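Here are my notes for someone opening this one for the first time. Have a look at the picture, then read the points in order.

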Amino acid sequence: MDRRTENRMTELGMLAQAFDFSKIDGVEGDYLEFGVWRGKTFKQARRMALRYGCQGVRYRAFDSFQGLPTVKLLPYEVWQKGRFSCSQDQFHSILKVDGFSKQECELFRGFYDESLNDALIASFKREGVKARVIYVDCDLYESPVPVLRFIAQLVQDGTVLCFDDYYNYLGLPGFGEQLAIQEFLASHPHIKFIPHFPYNPLGMSFIANAKTAS
């Protein structure tokens with residue numbers, strides 16, 4: 001086993017726990033992933049959903065398919081513009097090889113401050129979309145801000161949220177995903193994130209409580 005695979009095994013375990021949790025507690029809904037790159041986590045999520053008997057899951061992938069946007073020069077910054085680039089055609093081919101059908105997955109292209117707009121929010125609301133598991137792989141602070149705004153209407157009691165870069169920037173709370181989450185929860189007091197468990201070098205998962213969310 002190579003070092004990266006060895007180090008990422010807890011990611012697979014976290015997804016197994018997430019879908020097993022949703023199965024045990026009867027949480028229904030879709031899988032949404034923000035930042036899919038070449039689909040490794042996206043494919044793992046589908047395998048774990050099937051393994052734990054989670055029925056009716058639609059897999060929704062959100063990505064610029066151009067890599068990271070412009071990166072601000074901040075302390076402890078390790079990312080560069082264009083990193084993690086994979087075209088939409090490449091991503092479609094990867095999913096096809098893995099056995100995804102057109103009916104079970106949907107791709108949403110664009111940087112989040114543009115693609116996760118009010119029209120898409122309204123569309124999801126009309127469809128009654130709810131989230132079973134949400135995977136957020138957003139390396140920069142600017143990316144999870146619109147993601148969290150978008151998912152506010154999708155989370156329900158028992159939605160599992162996984163933040164792949166929660167402990168980036170030396171684990172300091174004033175940067176990246178941690179800062180975006182703090183701001184989101186402060187502005188949405190009806191939504192709570194209950195700590196679940198850490199995974200990988202930087203990841204952290206939570207269980208949502210959104211009982212009074214409208």
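1. Asn-200 sits in the loop between β6 and β7 (203–209); helices (H or I, at least four residues) and strands (E, at least two) are DSSP runs, numbered from the N terminus. Asn-200 has a positive phi of about 55°, although it is not a glycine. Most residues other than glycine have a negative phi. At 14% relative accessibility, Asn-200 counts as buried, where buried means under 20% relative accessible area, exposed over 50%, and partly exposed in between (1.4 Å probe, protein chains only).

2. Leu-170 also goes on the list, with a positive phi of about 60° and no glycine to account for it. You'll find Leu-170 in the loop between β5 and α8 (176–187). Is Leu-170 buried or exposed? Its relative accessibility is 66%, so Leu-170 counts as exposed.

3. A word on what you're looking at. This is a predicted model, in which local features need pLDDT of at least 70 and side-chain atom pairs count only at pLDDT 80 or more, while totals for chains, interfaces and linings use all residues. Residues are numbered from 1 along each chain as its sequence is written, and side-chain values use heavy atoms, with hydrogens and water left out.

4. Now the overall tally: the protein chain has 8 helices and 7 strands. Of its 214 residues, 51% are buried. Take contacts (heavy atoms within 4.5 Å) between residues at least 6 apart in sequence: 75% of them join residues at least 24 apart.

5. The sheet is open, with 7 strands in the order β3-β2-β1-β4-β5-β7-β6 and mixed pairing; two strands pair if DSSP finds at least two bridges between them. β3 (105–109) and β6 (192–199) are at the edges with a single partner strand each, so one side of each has no neighbour in the sheet. From one strand to the next, the twist averages 15°.

6. β4 is mostly covered, with 6 of its 6 residues buried.

7. Arg-60 stands opposite Glu-106 in β3. Helix α3 (residues 40–51) packs on the sheet, touching β1 (30–34), β2 and β4 (131–136), and its direction makes about 165° with that of β2. Angles here run from 0 to 180 degrees between N-to-C directions, and axes are lines fitted to C-alpha atoms, for helices over the stretch in contact.

8. Helix α2 (residues 9–25) meets α3 with axes that come within 9 Å and cross at roughly 40°. α2 and α3 are therefore oblique to each other (under 35 degrees counts as roughly parallel, over 145 as roughly antiparallel, 65 to 115 as roughly perpendicular and the rest as oblique). Residues in the contact include Leu-15 and Phe-19 of α2 and Ala-45 and Met-48 of α3.

9. Last, the cysteines. How many disulfides are there? The count comes to 0, taking a disulfide as a pair of cysteine sulfur atoms within 2.5 Å. Cys-105 is buried at 12% relative accessibility, and Cys-162 is buried too, at 0%.
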